Amino acid sequence: MSAPLNLVNLERVHKAHGTTVLLDDVSLGVAAGERIGVVGRNGGGKSTLLDVLTGAQQPDAGRVTRRGDIALGVLDQSGTLPPGETVRDVVLPPSMFAAEHEWAGDPAVRSVLAGLELDRMGLDAPVAPMSGGERRRVALAAQLVRPLDLLVLDEPTNHLDVEGVAWLAEYVRQRTGGLVVVTHDRWFLDEVCTTTWEVADGTVHSYEGGYSAYTLARAERARISAVTEERRLNLVRKELAWLRRGPPARTSKPKFRIEAAQALIADEPPARDSLALAGFAARRLGRTVYDVEDVDYAVPTDEGPRMLFRDLTWHVGPGDRIGIVGVNGAGKTSLLKLLVGETRPDAGTVVVGQTVAPAYLSQHVTELPPRARVLEAVQDVARIARIGNQEISASSLAERFGFAANRQWTPVGDLSGGERRRLQLLRLLMAEPNVLLLDEPTNDLDIDTLTALEDLLDGFPGTVLVVSHDRYFVDRVCDTVVALLGDGTLAALPGGVEEYLARRAAGGAPLTTAAGGSTGEAARAAPPVSSAAEVRAARKEAARLERRMLQLDADEKRLHEQLAAAAADYARAAELDAQLTAVQAEKDQVETDWLAAAEAAEG
């Protein structure tokens, strides 16, 4: 069987902007039917690579060839639309659809209009007064309805909610044409892409598979590189020793094993110690963080007040890590503003714990001193921050968030939107809050920065509330998920985002209230799992609980050993016995929850 025909080829391409080399001697190709995800740091050359592929920019050196009859569609980040036109003019032009029945009878076109909510927006709505998000959805729809050999998308998930991202992933996965997509949405990359390109330091590394496979392959590549460097240093040290002392005595040397990619994570501990963090959070925050009692809240509209919350009761405790999802306009941002006191409820109360020191990241980049330099803007808050057990200097934290030493002296006014977003996060973390409220924190952040943020949050000993459409980030950072469905209530989702999408697909079936109670209680009170999405969620939960049981087994064994060693120290033995009792109690509960999840996973 012959290999798929390449649609576009790059041969030894070089491209620079000023003195910055973005592509250096890059050779690659896009085959028919291939779905390629492009990742890399902001400013690393991803969009430039797309521009060279599509012909929007010409390479400084090298050659780009495209199949002569290729039908190519491009969605860039500008979202520019022709002035004076309507949604119908842009998405369903007469040149493609001479009559309405031609597109109305096409299920693919109807799916695009419904999936991107253009049918609710109105086909005769003018595009000029639309918001940036609405214009971007119109531009995306205009590309998706066309029969294309190659579709090139730059950040298509921006301005889409969780449901919209899930719909887009399913739609592009079923397309027959090729796809090249730049996105920081790691769930989308895993669901859609068969190949991942990493753009870094002027080169493009190709990996087979989506984000998960790319992460494992990159870790293996880094490990092999470290092994090679260690071997080189060992040879240098051996040569120096021989020159100074003669041949060294024979000694045993460590042997490096090259195993399957799974071995890279076999001994990796859990991302965070939930028990230790919960205990630390309780000491810092006490018993109360936020108690929302019988809250009513409405927002004004042209048609009169629209009720967002009715008799809402919700308790947020120390150490809780909660993801908040919901339909657009359901009130996710309004809920965070009620908690931080930016708005007040029409009825009911919002009680804030006395020791709560919140940090609120809004969707808008505000309160940044434009004339200060990056490091100065961070040091204005603090020079040293303690996050969990780590003491981090302002400069070190800035470097972890992508501001290299030379970039830390850039004036804030010269930063890009993504860099300003990173700086805003930095300043919040340097203030050492004990409660984080993050509204769409992943906007404008590249994957490496997201990974650094997640790593910091793993050690954050406080309460975290996250509003995000990034499913990967919510799953990675949060222990529980709640949903606003637009009916004025807050619902617990034991199955996470998968359960939210399944319930929305089923017509927004009633959910268990999230007024209180543990995750285990919510899971046991949940209706039987039946859909494929719920089965997948149950399997994921069972796997998580199984990993937790293994960790608890290890903790139990360690505590038994420590008890035996501390037999003569009564105070120490009593402390260890209390820890052992707590571990055994949690182990019993986890086993019960695992049995329930495993039964649900059977479908």
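**Entry 1: the sheet**

I began with an open sheet of 3 strands, ordered β11-β10-β13 with antiparallel pairing. Its edge strands are β11 (306–316) and β13 (347–352), each pairing on one side only. Neighbouring strands here are turned by 25° against each other on average, direction ignored. I took strands (E, at least two residues) and helices (H or I, at least four) as DSSP runs, numbered from the N terminus. Strands pair if DSSP finds at least two bridges between them. Axes are lines fitted to C-alpha atoms, for helices over the stretch in contact, and angles run from 0 to 180 degrees between N-to-C directions.

A note on the source: this is a predicted model, where local features need pLDDT of at least 70 and side-chain atom pairs count only at pLDDT 80 or more, while totals for chains, interfaces and linings use all residues. Residues are numbered from 1 along each chain as its sequence is written, and side-chain values use heavy atoms, with hydrogens and water left out.

Next I looked up β10 (residues 290–299), which pairs with β13 in the antiparallel sense over 5 bridges. Tyr-290 stands opposite Val-352 in β13. Helix α11 (residues 332–340) packs on the sheet and touches β10, β11 and β13; contact means heavy atoms within 4.5 Å. The direction of α11 makes about 55° with that of β11.

**Entry 2: the tyrosines**

I found 5 aromatic pairs in the structure. Rings of Phe, Tyr and Trp (its six-membered ring) pair if their centres lie within 6.5 Å; planes under 30 degrees apart count as stacked, over 60 as edge-to-face and the rest as tilted. Tyr-211 and Tyr-214 form a tilted pair, because their centres are 5.9 Å apart and their planes stand at 55°. Both lie in helix α9 (residues 211–245), 3 residues apart, about one turn of the helix.

Buried or exposed, I asked of Tyr-211? Tyr-211 is buried at 5% relative accessible area, and Tyr-214 is buried at 3%. The cut-offs are under 20% for buried, over 50% for exposed and partly exposed in between (1.4 Å probe, protein chains only).

Tyr-211 also meets Tyr-472 edge-to-face, with ring centres 5.4 Å apart and planes at 85°. That pair links distant parts of the chain, since Tyr-472 sits in helix α16 (residues 471–477), 261 residues apart from Tyr-211. Tyr-472 is partly exposed at 27%. Ring pairs join Tyr-207, Tyr-211, Tyr-214 and Tyr-472 into a cluster.

**Entry 3: charges over rings**

Arg-471 lies over the face of Trp-187, at 3.8 Å from the ring centre. The rule asks for NZ of Lys or CZ of Arg within 6 Å of the ring centre and within 35 degrees of the ring normal.
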